[in-house]
Amino acid sequence: MAGVSQVSHVASAELAPWTEEQVQQHLAVGKLVEGIQHMSPKYLEGMRRILTVSADTEFVSAPAYLRAAQHAPALNNFGSAMSIIQDELAHAHIGYRLLGDLGMDMDELIYERPASSFKYPYAFDVPLNSWVELVCANALYDQAGFVLLSDVYQSSTFGPWKRALAKVDKEETFHLRHGRTWIRKLVKDPAGRAEVQAAVDWMFILTLEWFGLPDSMKKHSEQLDYGFKGKSNDELRQWWMSEVVPFMEEVGIQVPAHFANERDGYVIDCPFPAAFDEEKREWLLDDGSISWDDVLARWRARGPMNNDYVRTLQRGYQTTGLRRER
Ligand SMILES: [Fe+2]
Ligand SMILES: [Fe+2]
């Protein structure tokens, strides 16, 4: 996630007055960090990083869902999708507004940053081409968002974000229920079931990747040290599987993971991480597992929709004279 600090004009050290010790003492007595005045440079950098990933993820989900919403089977279904998209834009705004409070240039972050500098999960770079794929994304991707944000809500030491997430959590619950309700309906019909299965086949593993490097390889330990997050990547991946795998079993959709009693947790039943053919949207599972370095290289290169989505989000600013002279 290098590069986040490059988009800020004001260096964190000039803005964040506290030492590490002062932050730790403040947190040790159960107080929250209420603003930049309670931050050390390290806390500020870490909070900027996690907030940027969160805001970018919310932001890009809007054009990704909009693309698929064009295929809504009826006008009221299109309305539900629009309401989800509005929620996502509001979630993104919360994140960018807080980054503005943390000394970052919001216009640059949102409207002037190159597409390749956005920090959302690779999964959103793979296009959603149908209504079925949209509702499967609600069941899988919004569930991932819910897990990640619920964890931040419970453990974050940054008060303004923690409080804002009470609303976000409720809306993410609506999104994932939208996905589940639709999947339950679709699987009753053989053609619908086949379409759901085909979507889940590529989306499930992409969402597993979403939680990032295994704990044994994880960088950015300040996310846990400072209580930015409560659970580790592997714990969050397990939490997500504990929500998704039983649901998919209930509706008869196959996923490459199961609960293993002897491990008291979920086990992934396919090579992981694996190579992905992004044009065909297929996992090359016969080739066996690949290294996380290979996954990071794919993430860094971004995927097929990156430019398209960011251009959609920035177009109005770029074409209506709002762009600032520099
Ligand atoms: Fe969201
Ligand atoms: Fe959502």
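1. Buried here denotes under 20% relative accessible area, exposed over 50%, and partly exposed in between, with a 1.4 Å probe and protein chains only. The structure is a predicted model, in which local features need pLDDT of at least 70, side-chain atom pairs count only at pLDDT 80 or more, and totals for chains, interfaces and linings use all residues. Residues are numbered from 1 along each chain as its sequence is written, chains are lettered from A and ligands numbered from 1 in the order in which they are written, and side-chain values use heavy atoms, with hydrogens and water left out.

2. Ser61 belongs to helix 3 (residues 41-69); helices are DSSP runs of H or I of at least four residues, numbered from the N terminus. Its relative accessible area is 3%, so Ser61 is buried. Not counting residues up to four places away in sequence, Ser61 touches Glu88 and Phe124 (contact: heavy atoms within 4.5 Å).

3. The iron ion (ligand 1) is coordinated by Glu58 (OE), Glu88 (OE), His91 (ND1) and Glu172 (OE), at 1.8 to 2.2 Å. Donors are N, O and S atoms within 2.8 Å of the metal (3.2 Å for Na, K and Ca); water is not among the atoms, so sites may look incomplete. The spacing of these donor residues in sequence is E-x29-E-x2-H-x80-E. Because Glu58 lies in helix 3 and His91 in helix 4, the pair ties together parts that are 33 residues apart in sequence. Glu58 and His91 are both buried.

4. For the iron ion (ligand 2), the coordinating residues are Glu88 (OE), Asp142 (OD), Glu172 (OE) and His175 (ND1), at 1.9 to 2.2 Å. Its donors follow the spacing E-x53-D-x29-E-x2-H along the chain. Glu88 in helix 4 and His175 in helix 7 are 87 residues apart, and the pair links distant parts of the chain. Glu88 is buried at 1% relative accessibility, and His175 is buried at 0%.

5. How far apart are the iron ion (ligand 1) and the iron ion (ligand 2), and which residue coordinates both? The separation is 3.4 Å, and Glu88 coordinates both ions.

6. Among the residues that line the largest cavity are Glu58 and His91, together with Ser54, Trp161 and Val168. Lining residues have an atom within 4 Å of a point of the cavity, a set of points on a 1 Å grid over the protein atoms alone where a 1.4 Å probe fits but cannot get out. Helix 3, helix 4 (75-101) and helix 7 (159-186) each supply at least two residues of this lining.

Conventions
1 Å grid on protein atoms, 1.4 Å probe; cavity = no way out; pocket = protein on both sides within 12 Å on 5 of 7 lines; lining within 4 Å.
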